[in-house]
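Take a look at the model below. We begin with the interface and then turn to a sheet.

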Amino acid sequence: MPKTLFDKIWERHIVTMIDDNQAILYIDRHFIHEVTSPQAFNGLTKRKVGLHNVKLTTATADHNVPTINQDQPIKDPLSKKQVDALNKNCADFGIELYGLGHEKQGIVHVIGPELGLTRPGMTIVCGDSHTSTHGAFGCIAFGIGTSEVEQVMASQCIIQKKPKQMLINVNGKLSKGVSSKDVILYIISKIGVAGATGHFVEYAGDTIQSLSQEARMTVCNMSIEMGARGGLIAPDEKTISYLEGKENTPKDEEWELSKAFYQELYTEENAKFDQVYNFDATDISPMITYGTNPGMGIKIDESIPENTSNSESFKKSLNYMDLQSGKEMLGMPIDYVFIGSCTNSRIEDLREVASFVKGKQKADKVKVFIVPGSQAVEKIAIAEGIDKILIDAGFEFRQAGCSACLGMNEDKIPPGKYCVSTSNRNFEGRQGPGARTLLASPLTAAAAAITGKITDIRTILNN
Amino acid sequence: MEKFIDLKSTAIPLPIEDIDTDQIIPARFLKATTRQGFGENLFRDWRYNREGQINNQFVLNNPIYHGKILVSGKNFGCGSSREHAAWALYDYGFRVVVSSFFADIFKNNALNNGLLPITVTPEKLHQIFSLIENDPNTNFSINLASQTFSQPKSGVEISFDIDPFKKMCLTKGMDTIDYLISQKESITQFEANHKIY
Ligand code: SF4
């Protein structure tokens, strides 16, 4: 039977089957961070066991770290305790840690690929749902809970049932001003927030192939937002050249062997999927969300839909956002712009924003902050003068971390304020209690920063 | 993990769809390094208003509703993978969550912590909500061995699915971590022939 890319990777990681359903699956790379690991370490200590294969684990501090004055002690005592616990646990258990202040520190899903720790054909887990990001390299990557973090630490394995598989084809040429973020927001608006639950998604088609390696990560990143366990894209020349020479990428002869292996990673013709969707890239416009889940997205020039099914949840959502059906989003004044998160904080995102913003000024009343995904991204941005362009435009250029994506540190959006955000979740209170999040691409966010309102980037680019 | 013990309990209705784990436990309460105490902040921003006062409109603050079963709208537990959501529900006193649909990671996290997620059809879910609405003291029985959720008086008898391995773990209070550690030999053997490119 012809195999999917997913099948090929899954099968080569089965240690044994527990019963007809549950496999013991071997994990090639385990990423950990400060928020979802402490209880797992406590568990190991209680059991008096160490890590089964400590070399396959990498730790960083990202969720709960400040994005200014990172060289100074963390002010919030609880955050400090959590970051200190990570430092101590990694030292005690012998885990490689890129902690606060380390030059390789950053959002876990940004640093994995950057360091060449994420490679095609691997199984990757992390106690964070956006682990799906790594799937852009053609690997099986998914988020897990803390009990599972402990399982992987103790055994380098996880007990998993094989998920169903979904294929999403996108074909055609994207118009100017439309980015990979718009592609995925569009797909989620069509499939819904639970439409891919129980599935792993493979993205394919010439539109997906035309995306850069970093743009593909943005697509895979948000797979979880339609309920999928993860998303993946077959590796190609772009993937290989992205990885070549990275710190942990195999070298010399090993690299030749690896490349040959990567070339085998594709879905065979007529392989079976449980569900298939086809989308046309020419239908996709810059997108914006108006509600409190990522499926509540529309084309930027559309108006907010009617509550046709008279859903209580829809009512509650618009009430929270203080928006009404029939209202146009274009021209709506906004208060904050956040450019960052594991969805859109890589160097390409920063370059794109900087090239648009160069020579412009942010709108007076808007507060704009841009948070690079890693120290490495920050360093490149500074070397290229991107920081200066942004600061000249009135943006705050911060230090690496998750920041206002989840509002765990002090980077929060105040109650009732509207924030155009390049992150991945617009849940109630996600960016701070009462905060109102509008998800969009980096370009749409940058346009809002300059004009102070929701703006169709195409009208500016075409002028 | 504690064993799952069959129970008979009233239920608390929360007929909202797509309840994400950020609502169940907001990120700012994830700073603890142990598993205890999260119940205090369960549904924090729905239970309390911004000034920290109790929101009497919210069902958990309504004394007529109580019990160890939470009944919720579809797609419960979507969003973040934080297991703190399952810990918070358990710590608050819930042992069962009923919905017509659960997000994957949440479901696993619940099962790994002795919290039983029961999936019912949208029609049955509707019926359960009506029963609670008519009489908040309606008692429901859950039997794990026979995989049934029932309310004999109203003739509700729902059989639910659960993966056999997960069922065994819940019944025995068995920990998957100890199980995996017991499989070390086959894992080491596998590693000897496995190459990471
Ligand atoms: S940036 Fe946001 S979504 Fe990404 S890992 Fe951090 S908190 Fe999670």
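A salt bridge here is a side-chain nitrogen of Lys or Arg within 4 Å of a carboxyl oxygen of Asp or Glu. By that rule, 6 salt bridges cross the interface of chain B and chain A. One of them joins Asp175(B) to Arg47(A), with the closest N and O atoms 3.0 Å apart.

This is a predicted model, where local features need pLDDT of at least 70, side-chain atom pairs count only at pLDDT 80 or more, and totals for chains, interfaces and linings use all residues. Residues are numbered from 1 along each chain as its sequence is written, chains are lettered from A in the order in which they are written, and side-chain values use heavy atoms, leaving out hydrogens and water.

How many residues of chain B are in contact with chain A? The count is 57, and they meet 76 residues of chain A (contact means heavy atoms within 4.5 Å). The two chains bury about 5400 Å² between them, 57% of it from carbon and sulfur atoms. Buried area is the accessible area (1.4 Å probe) that two parts lose on being put together, summed over both. On the chain B side, Lys31(B), Thr33(B) and Tyr197(B) lose the most area, together 16% of what that side buries.

Now the sheet. In chain B, 4 strands form an open, parallel sheet in the order S2-S3-S4-S5. Strands are DSSP runs (E, at least two residues), numbered from the N terminus, and two of them pair if DSSP finds at least two bridges between them. S2 (11-14) and S5 (116-119) of chain B each have a single partner strand, so one side of each is left without a neighbour in the sheet. S4 (96-99) of chain B pairs with S5(B) over 4 bridges. There, Val98(B) stands opposite Ile118(B).
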